[in-house]
Each structure stands twice: as C-alpha cells, then as structure tokens.
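Please look over the model shown here. A short briefing follows, grouped by topic.

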Amino acid sequence: MDEIILLKLGEIVLKGLNRRSFEDKLIGNAQRRLRPFGKFRVYTKQSTLYVEPQEDSCNLDGAYEAMKRLFGVVGLSRARACAKDKDAMLKTAQEYLGDRLSAARTFKVESKRADKTFPMTSIQLSQYVGGELDELYPNLKVDVHHPELTVYLEVRDYAAYVHADPEPGAGGLPVGINGRAVSLLSGGIDSPVASWMIAKRGIALEMVHFFSYPYTSEEAKQKVLTLAKLLTPWCGRLMVHVVPFTAIQEELRRKCPEELFTILMRRFMMRIAEKVAERTKSGAIVTGECLGQVASQTMEAMKATSAVCSLPILRPVVGMDKEEIVTIARKINTFETSILPYEDCCTVFTPRHPRLRPLPGEIEAAEAELDIDAMVAQAVEGIERIKIDP
C-alpha cells in the first residue's frame, strides 16, 4: 500500500452522541481542501482521520500542507501502511524510514495496538521492532527519554502504519459546525487574528470591510482582500462584503460632535454588519476589539457600540496583549500584509480628542440629527461582494 496521511482528532472525540456530526463536517472540510491536489479517500476510524491517495498523480506534499491548517485536527503525520505483522512492520520501517534511521544517533519505538486482536502487546511489539532496528543500524542507540528519532507503529482495523515524529495540527473544531458569523475585517493586525480565532472554534465566516473611497485607496482595499486570501487556508472560501462607507462618515462629520465621531462610526458599522448577518443567516458579529487599545475600545465605548445590535458580539482578542496578537498574526502569515502603510476608514476620520467614556444619552442625542435607517439602507444597497477562494 502507498503512503497515507493520518490525522488525529482533537476534542471531537469528547462529543458523545454528537460526535458523528462533527466527524462528517471535518470530512467534508478535508475533501474540499484536498480537491486541488488530486483524488483522495477520506474516512474516520478510532479517533483518526485517514487521507488516502487514490491515484499516483496525487500531490501528497500539497495535501499534507493543506491538512496542517484543517481545524479539528490536533496532530498529523505521513505514514506507510503495511500488513498487521511484526516482520512486515519492521521491513516497512527500514524501507520508509531508512534514511532517517541511518542519520539519527538515538531512537525509540512507540506502538499503539488499536486492534486488540493483534497477538502482541504494544510493549512487546516495540521491544521486538526496536531490538531488530538496534541490530541493523550500528549508529543507533536506544534513548526512551529524549530520542532524536521516534518510530511509531500503529496497529489499526484496516492495516498497520509506520511513521515518525508527527506534527501538531491546527486544533479547534471543524469550520461550520458551530454556525456562521459576520466578521469585521479592517486592514490592521487584530481583525484577521480575531477572525482566525473564531473560525478555530468551528464558525464559518462572512467578512465585512468598510471602504471610504476616495479617502482610502484601491490599494487599501486590495490589502484587505489579500488578508482574506491569507485566511482561506484555515477558514475555507470567504465572501468579503465591501461596504461603501464614505457617505456615512461625511454625514457624521457635518452633523455630529467631533469627539463622538469614532463611537458613532462604530455604531453604524454594527448596524450594517447586523443587516449583512440577516442576509447571510449569521448568528453573531465578530470584531478585533482589544480592551483599552484605542479610544473606541474602552468598556463604556464598547457598551455604546453594542447597544445598537441584537446579535451577540464576539471579541476573541479582547483580553490579549498586543504582542500575543502579533505572535498569532505571524503564525497565520497575516502580519506582514497588515502592516503595509495603507490607511483604512477608521484612521482617516479620527478625531483629535476622541471621547473615551461617553456620557449617558449624549450618543443618542448626537444621532437624533441623522436619518439612521436611510443611511444604513443606502450603505447596504451599495455593498460589493467579492468571493475569495483558497
């Protein structure tokens, strides 16, 4: 049998009677991610997802990289399948891992006997294969505590599998299993990280970007679309709803106190995001707000912006330090794009002295001069929808 990819399931295994629905969602997500790389059979058994190429032309390298970003998987490895026989496993270890066995100085063998009908215990199998490899490779020395190379043997229902040093997976839950949400995507560092974090909890995303042309440039818009593209290996296909926001900002500047402008702008963003959520059957709004980071992210300001929504507002990075957010941004490859020097709508109309803690009633008094429903309707009507494929 040829090489195969083994994916270890995470908290899915704890889902009890609902487990099958989580596994089905994970299989569907994996199949979609694998399509560019050839024809694969994907199935689950004993807390493991198997990705088995069906044609010699399959791009296993590309498939393996794609599976590293599949939410719902905590570990993965490339493995060689063989007969459930101790000598077959020994021979496969020599053939499949021969170069690594020759280059290593210390090693150990770990076995897992998921098929309890196999006549040897896990310890007996490890001792047998480990002893034979020790004899065959004079360069090797057994080290059970800190080995340079670990040879894994798994005896499962369909076959035995040999592999070495599995890698950590993306973790989390399969995208889509917990429903859909609208995520506000700016050109900054925080919002792509917040989107990634909430997708990791099994939520499919609709992205909303507020675009203030000509105050913000086409380059700024392309920057945001690039950020969405960088998220697709983790989140799957995304729809970016680009909202024309210039008219709203100009109306606020004409009729409202400057110090309240940021909070008023955020309230309009929430209203529009909720309209997009209604259209897309989304159950929440996601933002990249981080407590105390800017004027619109005090507790009082967030309360004022949340007040115009009936949907829950999810803020995954609200309690994180900036360095923690940057670390994740680097991990998911969005940081370098986020710091490109193109302004977004939030920075163009920034007041000189923004109100940090609005007084009761003053926000509503400022909005009394506005035709809110008409302004929101006009913005929603002008939305441009751009599909971003992985």
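In which helix is Thr92 found? Thr92 sits in helix H3, which covers residues 86-103. Helices (H or I, at least four residues) and strands (E, at least two) are DSSP runs, numbered from the N terminus. This is a predicted model: local features need pLDDT of at least 70, side-chain atom pairs count only at pLDDT 80 or more, and totals for chains, interfaces and linings use all residues. Residues are numbered from 1 along each chain as its sequence is written, and side-chain values use heavy atoms, with hydrogens and water left out.

**Overall build**

- The protein has 14 helices and 15 strands.
- Along the principal axes, its C-alpha atoms fill a box of roughly 85 × 35 × 35 Å.
- Of its 390 residues, 53% count as buried. Buried means under 20% relative accessible area, exposed means over 50%, and partly exposed lies in between (1.4 Å probe, protein chains only).
- Contact means heavy atoms within 4.5 Å. Among contacts with a separation of 6 or more, 78% join residues 24 or more positions apart.

**Surface and charge**

- The protein exposes about 18200 Å², and carbon and sulfur atoms supply 50% of that area. Areas come from the Shrake-Rupley method with a 1.4 Å probe; for residues, only the protein chains shown count as cover.
- There are 52 positive and 52 negative side chains. Lys and Arg count as positive, Asp and Glu as negative; His and the chain ends are not counted.
- The centres of the two charge sets lie 4 Å apart. Each charge is placed at NZ of Lys, CZ of Arg, CG of Asp or CD of Glu.

- UniProt positions are given in the numbering used here, feature names are shortened, and annotations may be inferred rather than shown by experiment.
- Residues 61-166 are 38% helix and 30% strand, and the end C-alpha atoms of the span lie 15 Å apart.
- Thr92 counts as buried because its relative accessibility is 7%.
- Leaving aside neighbours within four places in sequence, Thr92 contacts Arg80, Cys82, Leu97 and Val162.

**Aromatic pairs**

- The structure holds nine aromatic pairs. Rings of Phe, Tyr and Trp (its six-membered ring) pair if their centres lie within 6.5 Å; planes under 30 degrees apart count as stacked, over 60 as edge-to-face and the rest as tilted.
- Tyr43 and Tyr50 form a stacked pair, at 5.0 Å centre to centre and 10 degrees between the planes.
- Both Tyr43 and Tyr50 are buried.
- Tyr43, Tyr50, Tyr158 and Tyr161 form one aromatic cluster.

**Annotated binding site**

- The unreviewed UniProt entry places a "binding site" at Leu184, Leu185, His209, Phe210, Arg266, Gly288 and Gln297.
- Leu185 lies in the loop between strand E10 (180-184) and helix H5 (190-200). Leu185 is buried, with a relative accessible area of 2%.
- Not counting residues up to four places away in sequence, Leu185 touches Ser191, Pro192, Met207, Val208, His209, Val224 and Ala228.
- Gly288 is in the loop between E13 and H9. Gly288 is buried, at 14% relative accessible area.
- With the sequence neighbours up to four places away set aside, Gly288 touches Asp190, Ser191, Ala194 and Val317.

**Thr298**

- Thr298 is in the loop between strand E13 (285-286) and helix H9 (299-306).
- Thr298 counts as buried, because its relative accessibility is 9%.
- Thr298 and Asp87 are 211 residues apart in sequence and 65 Å apart in space, C-alpha to C-alpha.
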